[in-house]
Amino acid sequence: MYVLDLFTLDATRAQYEGATAETELIAPEGWLLDQHFLDQSGRKHAQRVLAYDYRSNIAAYPDWQAWLRKHRPPTLITWGSRDPFFPEPGALAYLSDLPDAELHLFDTGHFALEDHLPKSPR
């Protein structure tokens, strides 16, 4: 798969519905609106640049982690345990730097609150 394949309507919809148990809970407006903006002039190129530059994020992790440990902001983490982009261990890793964070792992994919909003903390 090429990076640009991620910016098609089918791929955008799959990011919303993938790994969800009840796809009927996913409102189509989410992926349709995302795709509308992805289809605007220059947007796919910008997303491709961001995707290729993701490795620079990884190099910055130690700085971000140090900032979190120092400042300990109140944190609510909502995460899909079957997210294909950011697997569950990524959610759990936050607790090393933010032990007081509130973590909610939902049995779903990338957009965890799309099908679990009624179950999310209030």
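**Figure 1. E1, helix H5 and E2 form a β-α-β unit with right-handed handedness.** The model is predicted. Helix H5 covers residues 88-97. Strand E1 spans residues 76-80 and strand E2 residues 102-106. The two strands run parallel and are joined by five bridges. Within this pairing, threonine 78 of the chain faces histidine 104 in E2.

**Figure 2. Whole-chain view of the predicted protein.** The protein has six helices and two strands. From the N terminus, their order is α-α-α-α-β-α-β-α. The C-alpha trace spans about 40 × 35 × 20 Å along its principal axes. Of the 122 residues, 24% count as buried. Take the contacts between residues at least 6 apart in sequence: 59% of them join residues at least 24 apart.

**Figure 3. Aspartate 83, a buried residue that has no salt bridge.** Aspartate 83 sits in the loop between E1 and H5. The nearest side chain of opposite charge belongs to arginine 82, 11 Å away. A polar atom of the aspartate 83 side chain does lie 2.7 Å from the backbone nitrogen of phenylalanine 85. Leaving out residues up to four places away in sequence, aspartate 83 touches Thr108, Gly109 and His110.

**Figure 4. The salt bridge between aspartate 97 and arginine 69.** Their closest N and O atoms are 2.6 Å apart. The pair links distant parts of the chain, 28 residues apart: aspartate 97 is in helix H5 and arginine 69 in helix H4 (residues 54-71). Aspartate 97 is buried, at 8% relative accessibility. Arginine 69 is partly exposed, with a relative accessible area of 41%.

**Figure 5. The salt bridge between arginine 72 and aspartate 100.** The N to O distance is 4.0 Å. Arginine 72 lies in the loop between H4 and E1, and aspartate 100 in the loop between H5 and E2, so this pair ties together parts 28 residues apart in sequence. Arginine 72 is partly exposed at 45% relative accessibility. Aspartate 100 counts as exposed, at 70%.

**Figure 6. The salt bridge between lysine 44 and aspartate 39.** The two side chains meet at 3.1 Å, N to O. Lysine 44 is partly exposed, at 30% relative accessibility. Aspartate 39 is partly exposed, with a relative accessible area of 46%. The count of salt bridges in the model comes to five, including this one.

Technical notes. Residues numbered from 1 in each chain as written. Predicted model: local features only at pLDDT ≥ 70, side-chain atom pairs only at ≥ 80, totals over all residues. Heavy atoms only, no water. Pairing = 2+ DSSP bridges. Helix = DSSP H or I, 4+ residues; strand = E, 2+ residues; numbered from the N terminus. Right-handed = clockwise from strand over helix to strand, strands pointing away. Buried < 20%, exposed > 50% of the residue type's maximum accessible area, 1.4 Å probe, protein only. Lys, Arg positive; Asp, Glu negative; His and termini not counted. Polar contact = N/O pair within 3.5 Å; in protein donor to acceptor, adjacent residues only side chain to side chain. Contact = heavy atoms within 4.5 Å.
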